[in-house]
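Subject: Structure handover

Hello,

Here is the structure for you to look at. Please open it first, then read my notes beside it.

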Amino acid sequence: PMRLRLLLRNLIDNALRHASGAAQPPAVTLGRQDAGHWRLTVRDFGPGVSDEQLAHLAEPFHRTDAARARATGGVGLGLYLCLLVVQAHGGTLSFAHAQPGLAVTATLPIR
């Protein structure tokens, strides 16, 4: 439970941070993907990321804005930790352009 809370908190914090000033707040959806999996999606309505950045979002120490300091945006471990949590539970983590914004989806097996 503690790791799943970390997953949810990190995804929501990222969505809030990267969508400040957006027309609408982040959206969180949870539902069954199929008979054996849950799907959690956190979507922001901010500017999104480039195709190049999308491929690196879950890498440790990767930050989309190189000018951000730790005090204002962390060191680039949040999405990496999310990936580790999802993998430890036998799931997957994916990123997609949401037009506008970014959608992060965690797929986890139902146990």
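Below are my notes on the sheet, the helices and a few single residues.

First, the ground rules. This is a predicted model, in which local features need pLDDT of at least 70 and side-chain atom pairs count only at pLDDT 80 or more, while totals for chains, interfaces and linings use all residues. Residues are numbered from 1 along each chain as its sequence is written, and side-chain values use heavy atoms, with hydrogens and water left out.

The sheet

Start with the four strands. They form an open sheet in the order E1-E2-E4-E3, with antiparallel pairing. E1 (27-34) and E3 (92-97) stand at the edges with a single partner strand each, so one side of each has no neighbour in the sheet. On average, neighbouring strands are turned by 20 degrees against each other, direction ignored. Strands (E, at least two residues) and helices (H or I, at least four) are DSSP runs, numbered from the N terminus. Two strands pair if DSSP finds at least two bridges between them. In general, strands of a sheet pair through backbone hydrogen bonds.

Now walk across the sheet. E1 and E2 pair over seven bridges. They form a hairpin with two residues between them. Arg32 stands opposite Trp38 in E2. The charged end of Arg32 also sits over the ring of Trp38, 5.4 Å from its centre. The test for this is NZ of Lys or CZ of Arg within 6 Å of the ring centre and within 35 degrees of the ring normal.

E2 and E4 pair over seven bridges too. Here Leu40 stands opposite Ala106, and Arg43 stands opposite Ala103.

E3 and E4 (residues 102-109) pair over six bridges. Thr92 has Thr107 as its bridge partner in E4, and Leu93 has Ala106. E3 and E4 form a hairpin with four residues between them. In that turn, Gln99 has a positive phi of about 50 degrees.

Is E4 buried or exposed? Eight of its eight residues are buried, so E4 is largely enclosed by the rest of the structure. Buried means under 20% relative accessible area; exposed means over 50%, and partly exposed lies in between (1.4 Å probe, protein chains only). Leu102, Val104, Ala106 and Leu108 point one way from E4. Ala103, Thr105, Thr107 and Pro109 point the other way. In a regular strand, side chains alternate between the two faces of the sheet.

The helices

Helix H1 (residues 2-18) lies across E1, E2 (37-43) and E4, at about 30 degrees to E2. Helix H4 (residues 78-88) lies across E3 and E4, at about 135 degrees to E3. Axes are lines fitted to C-alpha atoms, for helices over the stretch in contact, and angles run from 0 to 180 degrees between N-to-C directions.

Which residues does Asn10 contact, leaving aside its neighbours within four places in sequence? They are Gly78, Leu81 and Cys82. Contact means heavy atoms within 4.5 Å. Asn10 is found in H1. At 11% relative accessibility, Asn10 counts as buried.

Best wishes
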